[in-house]
Amino acid sequence: MAFGIDFGGTAVKGAPVDPSTGQVTAEVANVPTPNPATPEALRGVFVDLVAGFADVEGPVGVTVPGVVRHGTVHTAANIDPAWIGTDADALFTEALGREVHVVNDADAAGLAEVSHGAAMGRSGLVVVTTLGTGIGSALVHDGVLVPNSEFGHLEIDGRDAEDWAANSVRVAEKLSYEAWAARLTRYYRTLERLLNPDLFVVGGGVSAGWDDFGHLIEIDTEIVPATLRNNAGIVGAALAATQVSG
Ligand code: BGC
């Protein structure tokens, strides 16, 4: 067994996960994200969350919306800058008194979708993108994750792609689905040209509304919505922690 924590902009969600099936095995616990969402503030939240599942053993995985190398967070595009340079694995392992591993949020979603979701059993290169506040990306080749790809920050017309095509931009600029999909077409065509993937998976909260915009994205590569929806972060975090802890 393992425990997955999804640290998001509005809520922190956690649940035990069976890594062999990708199933969440208890009701997901949900607490509001503290403000400011610093590593110190999150430490207390994680301790309380995990304490509610005292009988669950195994490693704990935590998603972070930034680059994570060897347990240290290196970027913070949409989160508190205090995360930059924080050895989060060490901080949370000490606080929880058990093994904790942080993983980029999109990489967690990628692992989850390839192991138990929309890209299950797919070979070749799968590119998972999450469209939310920012844009996250995960590259998975023959089931193996290449972490920290950060294609949300691809430069298109001199702009960060996520500042132009994320779901938060659609909402802020009140874009129609047609207008947003035109931007997504440009974005995915750029990725297509650079990466030549076999499949795109589109995750993030917006994947639930796929029928409204998915068919408007005009690219040559197969593109499908994520299937794990709200639990992709929790499941992916637990899978990542299990892989690292062996
Ligand atoms: C961050 C990524 C993250 C993505 C989605 C981007 O701004 O740089 O690390 O995966 O947002 O949260």
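**Entry 1: the ligand.** I started at His153, where an N or O atom of the side chain is 2.7 Å from an oxygen atom of the ligand. That is a polar contact (a pair of N or O atoms within 3.5 Å). Asn78 also takes part, with a polar side-chain atom 3.1 Å from a ligand oxygen. At Gly66 it is a backbone N or O atom that lies 3.3 Å from an oxygen of the ligand.

How much of the ligand does the protein bury? Taken alone, the ligand exposes 310 Å², and the protein buries 94% of that. I noted that such areas come from the Shrake-Rupley method with a 1.4 Å probe.

Helices (H or I, at least four residues) and strands (E, at least two) are DSSP runs, numbered from the N terminus.

**Entry 2: a note on the model.** This is a predicted model, in which local features need pLDDT of at least 70 and side-chain atom pairs count only at pLDDT 80 or more, while totals for chains, interfaces and linings use all residues. Residues are numbered from 1 along each chain as its sequence is written, and side-chain values use heavy atoms, with hydrogens and water left out.

**Entry 3: salt bridges.** How many salt bridges does the structure hold? I found 7, each a side-chain nitrogen of Lys or Arg within 4 Å of a carboxyl oxygen of Asp or Glu.

Arg186 and Asp157 meet in one of them, at 2.9 Å from N to O. This pair links distant parts of the chain, 29 residues apart: Arg186 is in helix α6 (residues 177-195), and Asp157 is in the loop between β12 (155-156) and β13 (159-160). Asp157, Arg159 and Arg186 are linked in a network of salt bridges.

Is Asp157 buried or exposed? Asp157 is exposed at 52% relative accessible area, while Arg186 is partly exposed at 37%. The cut-offs are under 20% for buried, over 50% for exposed and partly exposed in between (1.4 Å probe, protein chains only).

Glu192 pairs with Arg189 at 3.2 Å. The two are about one helical turn apart, because they are separated by 3 residues in helix α6. Glu192 counts as buried because its relative accessible area is 10%.

Note on methods
A polar contact is a pair of N or O atoms within 3.5 Å; within protein, one must be able to donate a hydrogen and the other to accept it, and residues adjacent in sequence count only if both atoms are side-chain atoms.
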